[in-house]
Amino acid sequence: MNYKPDESTLIAFLYGELNEKETKKLEAYFQQHPEELAKLRGMDEVREVMSHAQDKEVIAPPVFVDETGIKPLWQSSYLRVSMGMAASILFLLVAGKLLGPEINYSNGELRISFGKKAEQPMQPAGLTEEKVNELISSSLAKNNESLASTRTEDQKKLMQTLVDFNSKKMNELTKTASQASQEQVRSFVSNLQEQNLKLMKDYFQLSTADQKKYMESLLVDFSSYLQEQRKQDLQYVQTRVNSLEKNNNQFKQETEQILTSLISNPGKKKNNY
Amino acid sequence: MAETLLDIAMMHSDSLIARAREGDKNAQGKLVQLWYKRIYNFSYKFFFDHDLAMEVSQKTFISMHKNLAGLQEVARFKSWLYTIAVNYCREETRKKKASRSFSLHDLNPGEGEESYRWEESHHRNENPERQLRHSELSDLLQSCLMELSHEQREVVIMKEYEGLKFREIAEALNISENTVKSRMYYGLDGLKKILEQKKITKETIGYEL
C-alpha cells in the first residue's frame with residue numbers, strides 16, 4: 001500500500017474535520033505506521049499545553065469618530081480663496097474710488113496722479129505783472145464808482161416808496177374808523193358774545209358725555225374684577241378641600257397598612273441588639 | 001471551551017455589522033467593544049508586546065471604521081477584520097526589524113510585588129500565588145510561540161486561540177486551505193520540539209499548577 005497522507009490531511013484528522021472515507025483510510029494507515037499516530041498524539045498534547053496561555057484582559061478605548069472630513073461650505077478652501085480674491089478686488093475698487101487715480105501718457109511721459117487735477121491758471125501771452133495790476137486797479141475804481149452811484153439812487157427810491165406807502169395806509173385806516181357807526185360796533189360785540197356762548201355750550205356737552213362713558217366703563221370693570229376674584233377664591237377653597245380629602249385617604253391607607261402588618265406578623269419581636 | 005456571553009454576542013452580531021456598515025455610529029462602537037479584546041489578544045500573542053498589540057488594535061479598528069462600508073458580505077466580517085489585523089502585524093514587524101527597538105516589557109522586572117505581572121492581573125479574587133504561576137506559564141508558552149516563524153505563528157494563533165475555521169484563516173491570509181493546514185502541521189510540530197527543549201509537558205504543567 002503506497003498511501004501516504006499529506007500534512008493537511010493529518011491536520012484535518014487531528015481537528016476532526018476529515019470525512020468518513022478518508023478517516024477510515026487514515027486509520028488503516030496508522031495501523032501500519034503507529035509512529036505517525038504517535039506524532040499526531042504528540043501534537044494534540046502540544047495543543048493542550050499551549051491552551052494554558054491565557055488571554056490578556058484589555059479595556060476597549062472609547063470610540064471617537066473624526067468628522068473633520070465633512071467641512072461646512074464656509075470652511076472650504078475654494079470658497080476661502082475666492083472670497084479672499086473678491087475682498088482684494090473690492091478693496092482696490094474702494095481705494096480707487098476714494099483716491100481717484102489718473103494715469104496719463106503724453107509726450108513720452110507717464111503720469112500717475114491721485115485726486116482732482118489741479119487747474120493751472122491760463123496766462124495770456126504778452127501781459128506783464130504791472131499791466132495786470134493797472135488793469136485790476138482801473139477796473140476796481142470803475143466798479144466802485146458805479147456801485148456808489150447805484151446805491152445812492154436806490155436809497156432815494158426806497159425812501160420815497162416807504163413814505164408814499166405809509167401815508168396811504170394811514171389815510172385808509174382813518175377813513176374806515178371814521179365811517180364805522182355805533183350800531184355796527186354793537187352788532188359785532190353781540191355776535192362775538194353769541195359765538196362764545198355757543199362754544200362754551202358745546203364744550204360742556206362734550207365733557208358730560210365723556211365723563212358718563214368713563215364712569216360706565218369703570219363700573220363694568222369693577223364688577224368683572226369682583227367676579228374674577230370670587231371665582232379664584234372658590235377655586236382656592238376647592239383645592240384646599242381636595243387636598244384635605246387626599247390627606248385623609250392617605251392617612252386611611254397608611255393606617256390600614258399598619259393594621260395589616262400588625263395582623264400578619266403577630267409573633268414578630270423587635271430586636272435592638 | 002465554554003461559550004461566554006461575549007462569544008454568543010459575537011456570533012449574533014450580523015445585524016450589528018449590517019447597521020455599522022450603513023454608518024450607524026452606535027453599532028460601530030458596539031463592534032469595537034465586542035472585538036477589541038480578540039484583536040488585542042491576537043496581536044499580543046503575535047508580538048508578545050503590549051504596546052505593539054495596542055497599536056495594531058487601534059489601527060485595525062480605525063481601518064475598520066473607514067472601510068466597513070466597502071465590506072461585501074456580512075458573513076465575512078470576522079476574516080476581513082483579521083485580515084486587517086494581520087496586515088498591521090506584518091507592517092509593525094517590518095518597522096520593528098528596521099528600527100530594532102524593544103519594549104520595556106521585554107525587560108524582566110524581577111519577581112515579587114515589583115513584577116508587572118501583578119499589574120496585569122485582573123482576577124483579583126483568585127489565589128495570588130496560583131495567579132502568578134498562571135501568568136508565568138502564559139509568558140513561558142508565549143515565548144515558545146515567538147520562536148515560530150511569522151507564517152506559522154499567525155495560523156497557530158488564529159486556530160488555537162481565536163477559534164477561526166481553516167476556511168476563515170485561508171480567507172484572512174488569502175492563501176489556500178491546504179496551505180493553512182500545512183502551516184498548522186509544521187507549526188505544531190515546531191512547537192512540540194520547542195516544548196521538548198524547554199522540558200514543558202502536560203505533566204510538568206500539572207505539577208506547577
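Is Lys199(B) buried or exposed? Select Lys199(B): with 7 C-beta neighbours inside 10 Å, it counts as exposed. The cut-offs, with C-beta atoms placed from the backbone, are 20 or more other C-beta atoms within 10 Å for buried, 12 or fewer for exposed, and partly exposed in between.

Before moving on, some ground rules. This is a predicted model, where local features need pLDDT of at least 70, side-chain atom pairs count only at pLDDT 80 or more, and totals for chains, interfaces and linings use all residues. Residues are numbered from 1 along each chain as its sequence is written, while chains are lettered from A and ligands numbered from 1 in the order in which they are written.

Stay on Lys199(B). Its phi is positive, near 55°, and it is not a glycine. Most residues other than glycine have a negative phi. Lys199(B) sits in the loop between α10 and α11 (202-208) of chain B. Helices here are DSSP runs of H or I, at least four residues, numbered from the N terminus.

Next, select Asn174(B). This non-glycine residue also has a positive phi, about 60°. Look for Asn174(B) in the loop between α9 (166-173) and α10 (177-197) of chain B. Asn174(B) is exposed, with 9 other C-beta atoms within 10 Å.

Now show both chains. Which elements give two or more residues to the side of chain A that touches chain B? In total, 23 residues of chain A are in contact with 31 residues of chain B (contact: C-beta atoms, placed from the backbone, within 7 Å). The elements are α1 (7-14) and α3 (34-50) of chain A. Select α3(A): it gives the largest share of that side, eight residues.

Conventions. Two residues are in contact if their C-beta atoms, placed from the backbone, lie within 7 Å.
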